[in-house]
Amino acid sequence: MTGCSMTRSETYLLKEDVSFSVISSGIAFRNKAGGLVLIEDIPSSLQAELVNILEQSKVEVVSKDSVFPIFEYLYKKKMAYIKPEQYIGWQQRTSFWVANLTGCYEAQKEILDESLIMILGAGGLGSIISHQLIQSGIKRIVMLDCAVLNEEDLNRQAIFSRADVGRSKVAIIKEKLEEEYEGTCVEVFNRKIMGDSASKEFIENIKPDLVFLCVDEPPSVSVDIVEAFVESPIPFIHGAVGLWDGKVSRVLDSSASKKEFISNCTNERQPLISSLAMTNSIVASHMALAGYSFLLSGDIGEARMINFK
């Protein structure tokens with residue numbers, strides 16, 4: 001991972017939850033989470049200028065301001081952020097969110113550009129996750145599913161349309177995402193993945209940075225796949241949609257976490273007759289955000305049960 005490389009053209013804003021106070025040795029910045037940053041041993045004239053700026057209702061500095069290096073430092077300490085309008089297209093919103101999560105957008109952009117994501121299943125969860133990840137800056141996705149689109153899928157799989165019925169789901173997703181988002185590479189395989197040795201070898205040869213488990217037929221398939229990768233370093237995240245609830249695993253990045261996931265699952269799930277766009281979208285969004293945060297910050301998150309009622 002590369003470090004931050006700021007140019008002298010950014011505009012910085014102090015975060016809304018940050019307050020300051022003048023102390024004997026300089027200025028102290030505090031946020032509501034308890035973070036503390038001290039700016040000490042600065043010339044009195046510069047300190048006076050900084051205090052004058054901080055007392056304004058809207059705290060904003062640009063590269064020509066003499067206090068600009070101080071705000072660069074506050075940015076690295078997550079007390080300030082870069083004005084999102086500095087970026088173009090999808091980067092305007094994505095860069096703002098990523099910078100607030102990690103403290104530096106530029107370094108994380110390399111992760112977004114280079115990470116290889118695998119999605120097993122292109123149905124109610126996988127189709128939504130693929131779209132959300134591409135919208136959020138992921139450039140490389142591999143999708144596997146052998147299903148064709150049926151009309152009954154249209155109640156919960158928003159990326160598809162009636163004109164797509166009868167076509168391969170993964171082929172449709174590739175076509176639409178690559179057409180809509182320039183620079184995106186969606187590689188698709190029209191095949192079924194199980195927990196067998198052939199499937200394991202196939203996934204290992206691709207070497208994904210994270211695998212989204214979005215398959216539910218047969219009911220034991222997700223457990224079988226994770227079981228096959230217990231000793232593998234490849235991380236997984238699993239999600240499932242029920243009638244009135246959904247569940248999302250933590251990121252399974254170790255042998256211990258994979259074994260715990262297996263022990264907590266049951267192979268005797270009742271078949272789900274139907275689900276809705278809303279319930280699928282909720283679970284898919286939780287999965288996509290958890291995986292995205294893991295890629296950017298290494299946060300494995302926590303397993304969660306989502307109540308739809």
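**Helix packing and confidence in a predicted model**

In helix H5, Ile 128, Ile 129, Gln 132 and Leu 133 meet Asn 280, Ser 281, Ala 284, Ser 285, Met 287, Ala 288 and Tyr 292 of helix H10. The residues of this contact of H5 with H10 comprise 7 nonpolar, 4 polar and no charged. The model is predicted, and its chain has a mean pLDDT of 85.

**Helices H5 and H10**

- Two packed helices are described by the angle between their axes and the distance between the axes.
- Helix H5 covers residues 126-135 and helix H10 covers residues 277-297; their axes come within 9 Å and cross at roughly 45 degrees.
- That angle makes H5 oblique to H10, because an angle under 35 degrees would count as roughly parallel and one of 65 to 115 as roughly perpendicular.
- The crossing in which H5 passes H10 is right-handed.

**Helices H8 and H9**

- The axes of helix H8 (residues 221-228) and helix H9 (residues 255-264) lie 10 Å apart, and the two helices pack at an angle of about 155 degrees.
- H8 is therefore roughly antiparallel to H9, since angles over 145 degrees are classed in that way.
- H8 passes H9 in a left-handed crossing.
- On the H8 side, Ser 222, Val 223, Val 226 and Glu 227 take part, and they meet Lys 258, Phe 261 and Ile 262 in H9.
- The contact of H8 with H9 contains 4 nonpolar, 1 polar and 2 charged residues.

**Asn 31 in strand E3**

- Asn 31 belongs to strand E3, which spans residues 26-31.
- The side chain of Asn 31 reaches the backbone nitrogen of Ala 33 at 3.1 Å.
- When residues up to four places away in sequence are not counted, Asn 31 touches Asp 17, Val 18 and Met 79.

**Confidence along the chain**

- A pLDDT of 70 or more is reached by 86% of the residues in the chain.
- Confidence is highest in strand E10 (residues 210-213), at a mean of 98, and lowest in helix H3 (residues 91-102), at 63.
- Over residues 1-8, pLDDT stays under 50, and the model has 20 contacts beyond four places in sequence for these residues.
- Where pLDDT is low, the predicted coordinates should not be read in detail.

Note on methods:
Residues numbered from 1 in each chain as written. Predicted model: local features only at pLDDT ≥ 70, side-chain atom pairs only at ≥ 80, totals over all residues. Heavy atoms only, no water. Axes fitted to C-alpha atoms, helices over the stretch in contact; angles between N-to-C directions. Helix = DSSP H or I, 4+ residues; strand = E, 2+ residues; numbered from the N terminus. Left-handed = near helix turned anticlockwise from the far one by under 90°. Contact = heavy atoms within 4.5 Å. Nonpolar A, V, L, I, M, F, W, Y, C, P; charged D, E, K, R; others polar. pLDDT = per-residue confidence, 0-100. Polar contact = N/O pair within 3.5 Å; in protein donor to acceptor, adjacent residues only side chain to side chain.
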